[in-house]
Amino acid sequence: MAVKKYYVVWQGRETGIFTDWNSCKQQIDKFAGARYKSFKTLAEAEAAFSGGSARSAAAKTAGVAAKKRSSNRQTVKTYTAAEIAAMQIDTTIFTDGGCEPNPGKAGSGIALYRKHQLDELWYGLFNPMGTNNTAELNALHQALMMAEAEISRGRSVAIFCDSKYSIQCITQWAVNWQKKGWKKAGGEIKNLELIKAMFTLYQHLKEEVLVLHVNGHVGVEGNELADRMSILAIESRNRDFTRYSEKLDIDALLAMRAG
């Protein structure tokens with residue numbers, strides 16, 4: 001059953017987005033200076049936690065300039081492993097893309113968790129002359145398609161990507177690019193056709209899916225596993241996007257070559 005409310009905690013024992021009141025209350029109860037708010041949709045909660053509406057309102061109260069508030073909305077918050085673990089989300093999808101060298105041999109990987117337990121790994125979309133950005137976008141595109149299927153089954157979904165470029169392309173920049181006829185002042189929009197397809201899908205899902213940033217290679221398990229899958233895609237030269245069929249032995253998987 002879909003979650004009806006989302007709670008953002010900016011100041012508490014743990015910060016982040018929570019999908020039930022009891023989890024939120026644990027972070028703020030008897031916590032001096034606790035700051036939190038409920039939202040009706042994941043998109044609103046994401047925007048608020050990343051520097052959107054709720055933070056902007058607080059900034060206005062404090063007398064911060066409107067220009068600074070607008071700038072803050074264009075930032076991308078980076079989530080820690082602790083914040084991810086605290087999120088009450090049914091399905092979490094980690095994405096990564098690799099390229100050796102850049103440009104060069106590229107591949108994409110995904111690690112999908114249900115109830116914070118590793119459930120599926122995916123790899124592929126090998127391109128002998130790809131780029132790191134294209135590999136990252138491809139992985140995020142696959143994650144959005146997986147998210148659509150999960151949402152159709154009534155599950156809440158968060159996607160974690162270590163590419164701010166990929167996240168901002170579809171959640172921030174593409175809106176204005178589309179309004180301007182898919183043009184930007186700085187010149188060519190690289191990976192345009194892929195971005196168009198992703199943006200269309202994101203617009204359909206944005207009220208029900210979180211697309212969030214996590215740093216790469218800092219020990220976040222899902223990100224590390226997605227990285228290993230991207231390297232497997234390069235080494236196997238798998239052009240399809242294929243579910244990993246071997247045993248999900250996390251220690252053995254993490255021992256595989258990293259990107």
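In which loop is Pro103 found? Pro103 is found in the loop between E5 and E6. Helices (H or I, at least four residues) and strands (E, at least two) are DSSP runs, numbered from the N terminus.

This is a predicted model, in which local features need pLDDT of at least 70 and side-chain atom pairs count only at pLDDT 80 or more, while totals for chains, interfaces and linings use all residues. Residues are numbered from 1 along each chain as its sequence is written, and side-chain values use heavy atoms, with hydrogens and water left out.

**The chain as a whole**

The protein chain has 10 helices and 10 strands. Of its 259 residues, 49% count as buried; buried means under 20% relative accessible area, exposed over 50%, and partly exposed in between (1.4 Å probe, protein chains only). Among contacts (heavy atoms within 4.5 Å) between residues at least 6 apart in sequence, 69% join residues at least 24 apart.

**Helix H1**

Helix H1 covers residues 21–28, and its buried residues are Ser23, Cys24, Gln27 and Ile28. Seen down the axis of H1, these residues fall within an arc of 125°, so they line one face of the helix. The arc is that of the directions from the helix axis to the C-beta atoms. The buried residues of H1 pack against strand E1 (6–11), strand E2 (16–18) and strand E3 (35–39).

The face of H1 turned away from the buried side carries the exposed residues Asn22 and Gln26. Gln26 has a relative accessible area of 54%. Between the C-alpha atoms of Gln26 and Gly12, 14 residues apart along the chain, the separation is 8.7 Å.

**Loops with particular backbone geometry**

The loop between E5 and strand E6 (104–114) also holds Pro101. The peptide bond from Glu100 to Pro101 is cis, with omega near -15°. A cis peptide bond likewise joins Asn102 and Pro103, where omega is about 0°.

Two histidines have a positive phi although neither is a glycine.

Helix H5 (81–86), strand E5 (91–100) and helix H9 (221–236) each supply at least two residues of the lining, and H5 gives the most, with three. The lining divides into six nonpolar, three polar and one charged residue. Here Ala, Val, Leu, Ile, Met, Phe, Trp, Tyr, Cys and Pro count as nonpolar, Asp, Glu, Lys and Arg as charged, and the others, Gly among them, as polar.

At 4% relative accessibility, Thr92 counts as buried. Leaving aside neighbours within four places in sequence, Thr92 is in contact with Ala111, Leu112, Tyr113, Ala158 and Phe160.
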